[in-house]
Amino acid sequence: MINILFDMDGTLLDSEDSICEAVNEIRVERSLLPLPKQMIKNAIHTPEVNCAKLFYEIEHFAHKSYKVGFERYFTKHYERAVLFAGVKEMLESLKQNGYFLALASNAPHNTLKPILQRHNIVQFFDEVIGTNEKIESKPHPMMIELILRNAPFSKSVFVGNCAKDEGAAKNAGIAYLSAKWGEEALEANEFSNAKELVEKIQKYAN
């Protein structure tokens with residue numbers, strides 16, 4: 001068996017447009033012009049980018065996550081986000097087959113369970129960790145390392161969708177699978193749908 005750790009946004013939840021809408025609403029209220037969606041998406045995926053500085057023009061942001069302090073904007077826009085096709089069924093099947101499932105997200109820790117509850121998948125996770133004043137954001141490996149302290153199996157894989165996730169897996173010394181929902185011409189560690197993800201997980205587990 002194997003421990004399976006998931007990112008949330010862009011991996012399980014089709015929420016990146018919701019993030020872009022929240023960021024731009026915040027910008028408008030701060031008398032800033034909206035940013036192109038692709039610019040926002042590139043920024044949240046790139047480890048070196050200071051998202052708070054780019055999004056809000058705040059030079060010295062006090063928090064690890066650009067969502068902290070602006071939760072009400074993200075909560076509102078997340079209501080329109082949906083799970084990627086087959087995700088709930090995939091999680092349920094993995095759980096029934098005895099896998100250890102965990103979530104490691106760069107979103108604020110206290111916002112994660114309400115989001116998972118809204119989409120009726122919180123019950124599938126043995127552990128859920130996000131950022132707070134004591135927990136480093138990915139690509140730092142802290143979240144993964146905290147989860148693996150209590151994980152039951154010797155093998156682990158992290159499932160994400162961006163360079164921050166891949167970096168966290170590499171820094172923690174575990175395998176990585178990358179979500180490319182609906183895309184073609186995939187690399188060996190990429191998947192385009194839930195069925196392909198399960199097949200790749202099973203290969204790691206054997």
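Visitor: Which strands and helix do the buried residues of helix 6 pack against?

Guide: This is a predicted model. In helix 6, residues 109–118, the buried residues are Thr 111, Leu 112, Ile 115 and Leu 116. They pack against strand 2 (13–14), helix 4 (71–78), strand 4 (100–108) and strand 5 (127–131).

Visitor: Why are the buried residues on the same side of helix 6?

Guide: The residues concerned are Thr 111, Leu 112, Ile 115 and Leu 116. They share a side of helix 6 because the arc they cover around the axis is only 130°.

Visitor: Which exposed residues sit on the face of helix 6 turned away from its buried side?

Guide: Exposed means over 50% relative accessible area. On the face of helix 6 turned away from the buried side, the exposed residues are Asn 110 and Gln 117.

Visitor: What is the phi of the residue that follows helix 6?

Guide: Asn 120 follows helix 6. Its phi is positive, near 60°.

Visitor: Which residues line the largest cavity?

Guide: The structure holds one cavity of 30 Å³ or more. The volume of the largest cavity is about 30 Å³. Its lining divides into six nonpolar residues, one polar and no charged. The lining residues are Met 8, Leu 13, Leu 83, Ile 115, Leu 116, His 119 and Ile 121.

Visitor: Which residues have the most contacts inside the largest nonpolar core?

Guide: That core has 52 residues. Helix 1, residues 16–29, gives it the largest share, five residues. The residues with the most contacts inside the core are Ile 4, Phe 6, Phe 55, Tyr 56, Tyr 66, Phe 74 and Phe 125.

Visitor: What does Phe 125 touch, not counting residues up to four places away in sequence?

Guide: Phe 125 is among the residues with the most contacts inside the largest core. Beyond four places in sequence, Phe 125 touches Phe 6, Leu 12, Leu 91, Leu 101, Ala 102, Leu 103 and Leu 116.

Visitor: How many residues are in the second, separate core?

Guide: Ile 129, Ile 135, Phe 158 and Tyr 176 are included in it. The second core has 15 residues.

Visitor: Why do the buried residues of helix 5 line one face?

Guide: In helix 5, residues 87–96, Val 87, Met 90, Leu 91 and Leu 94 are buried. They line one face because, seen down the axis of helix 5, they fall within an arc of 95°.

Visitor: Which elements do the buried residues of helix 5 pack against?

Guide: Glu 89 and Gln 96 are exposed on the other side of helix 5. The buried residues pack against strand 1 (3–6), strand 3 (82–83), strand 4 and helix 9 (194–205).

Visitor: Which element gives the largest share of the lining of the largest pocket?

Guide: The largest pocket has a volume of about 500 Å³. Among its 27 lining residues, Lys 64, Tyr 66, Asn 106, Ser 137 and Lys 164 are the closest to its centre. By class, the lining has 11 nonpolar, eight polar and eight charged residues. The largest share, three residues, comes from strand 4.

Visitor: How many charged residues are in the lining of the second largest pocket?

Guide: This pocket holds about 250 Å³ of space. Of its 13 lining residues, Gly 10, Glu 16, Phe 84, Asn 161 and Ala 179 are the closest to its centre. Helix 1 and helix 2 each give two or more residues to the lining. By class, three are nonpolar, four polar and, for charged, six.

Visitor: Is Asn 24 buried or exposed?

Guide: Asn 24 lies in helix 1. Leaving aside neighbours within four places in sequence, Asn 24 is in contact with Pro 34, Leu 35 and Ile 40. The cut-off for buried is under 20% relative accessible area. Asn 24 has 14%, so Asn 24 is buried.

Visitor: Is Ser 31 buried or exposed?

Guide: Ser 31 lies in the loop between helix 1 and helix 2. Its phi is positive, about 60°, although Ser 31 is not a glycine. With 68% relative accessibility, Ser 31 counts as exposed.

Visitor: Where is Pro 139?

Guide: The peptide bond from Lys 138 to Pro 139 is cis, with omega near 20°. Pro 139 has its place in the loop between strand 5 and helix 7 (142–149).

Definitions and conventions. Residues are numbered from 1 along each chain as its sequence is written. This is a predicted model: local features need pLDDT of at least 70, side-chain atom pairs count only at pLDDT 80 or more; totals for chains, interfaces and linings use all residues. Side-chain values use heavy atoms; hydrogens and water are left out. A nonpolar core is a set of buried Ala, Val, Leu, Ile, Met, Phe, Trp, Tyr and Cys residues joined through side-chain atoms within 4.5 Å. Buried means under 20% relative accessible area, exposed over 50%, partly exposed in between (1.4 Å probe, protein chains only). Helices (H or I, at least four residues) and strands (E, at least two) are DSSP runs, numbered from the N terminus. Contact means heavy atoms within 4.5 Å. On a 1 Å grid over the protein atoms alone, a cavity is a set of points where a 1.4 Å probe fits but cannot get out, and a pocket is an open set with protein on both sides within 12 Å along at least five of seven lines; lining residues have an atom within 4 Å of a point. Grid points are joined across faces, edges and corners, and a volume is the space filled by probe spheres set on the points. Ala, Val, Leu, Ile, Met, Phe, Trp, Tyr, Cys and Pro count as nonpolar, Asp, Glu, Lys and Arg as charged, and the others, Gly among them, as polar. The arc is that of the directions from the helix axis to the C-beta atoms.
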